[in-house]
Amino acid sequence: MKNNKKILNILVTGGSGFLGSHLIDTLVNSGHKVCNYDTIKSIYNLKNINSIVGDLLDLNSLTNALKGVDVVYHLAAYADLDK
């Protein structure tokens with residue numbers, strides 16, 4: 001039986017965080033092309049991905065990041081409310 005699994009181009013906002021990094025690992029291990037879009041560089045060892053340090057409020061940066069993307073996982077948030 002032939003495997004017809006489609007490889008998706010996926011953008012993960014907030015991929016530098018704990019949950020986002022694990023989602024990225026799962027998506028990459030499933031064979032997808034993944035881009036992490038976050039305001040900070042990831043401290044996690046995210047392999048085989050493109051990373052963009054940018055802000056969701058920067059419309060030009062976000063628009064460029066979305067080019068060719070099939071799916072967006074939106075996990076971006078300020079988790080540390082003390083800042």
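This is a predicted model: local features need pLDDT of at least 70, side-chain atom pairs count only at pLDDT 80 or more; totals for chains, interfaces and linings use all residues.
Residues are numbered from 1 along each chain as its sequence is written. Local features need pLDDT of at least 70, side-chain atom pairs count only at pLDDT 80 or more, totals for chains, interfaces and linings use all residues, and side-chain values rest on heavy atoms, without hydrogens or water.

The protein contains 2 helices and 4 strands. Helices (H or I, at least four residues) and strands (E, at least two) are DSSP runs, numbered from the N terminus. Their order from the N terminus is β-α-β-β-α-β. The C-alpha trace spans about 55 × 25 × 15 Å along its principal axes. Contacts are heavy atoms within 4.5 Å. Of the contacts with a separation of 6 or more, 50% join residues 24 or more positions apart.

Of the 83 residues, 31% are buried. Buried means under 20% relative accessible area, exposed over 50%, and partly exposed in between (1.4 Å probe, protein chains only). The protein exposes about 6100 Å², and 56% of this area comes from carbon and sulfur atoms. Areas follow the Shrake-Rupley method with a 1.4 Å probe; for residues, only the protein chains shown count as cover.

Strand β1 (9-13) is mostly covered, with 4 of its 5 residues buried. It pairs with β2 in the parallel sense over 5 bridges. Pairing requires at least two DSSP bridges between two strands. Within this pair, Thr-13 stands opposite Tyr-37 of β2.

Helix α2 covers residues 59-66, and its buried residues are Ser-61, Leu-62 and Ala-65. These residues lie on the same side of α2 because they cover an arc of only 95° around the axis. The arc is taken over the directions from the helix axis to the C-beta atoms. Cover for the buried residues of α2 includes β1, β2 (33-38) and β3 (50-53). Leu-59 and Asn-60 are exposed, on the face turned away from the buried side. Gly-68 follows α2 and has a positive phi, near 80°.

A nonpolar surface patch is formed by Phe-18, Leu-19, Ile-43, Tyr-44, Tyr-73 and Leu-75. Together they have about 660 Å² of accessible area. Patches take residues with over 30% relative accessible area and no salt bridge, joining like charges within 9 Å and nonpolar side chains (Val, Leu, Ile, Met, Phe, Trp, Tyr) within 5 Å. A salt bridge is a side-chain nitrogen of Lys or Arg within 4 Å of a carboxyl oxygen of Asp or Glu. Leu-75 sits in the segment after β4 (71-74). Its relative accessibility is 38%, so Leu-75 counts as partly exposed.
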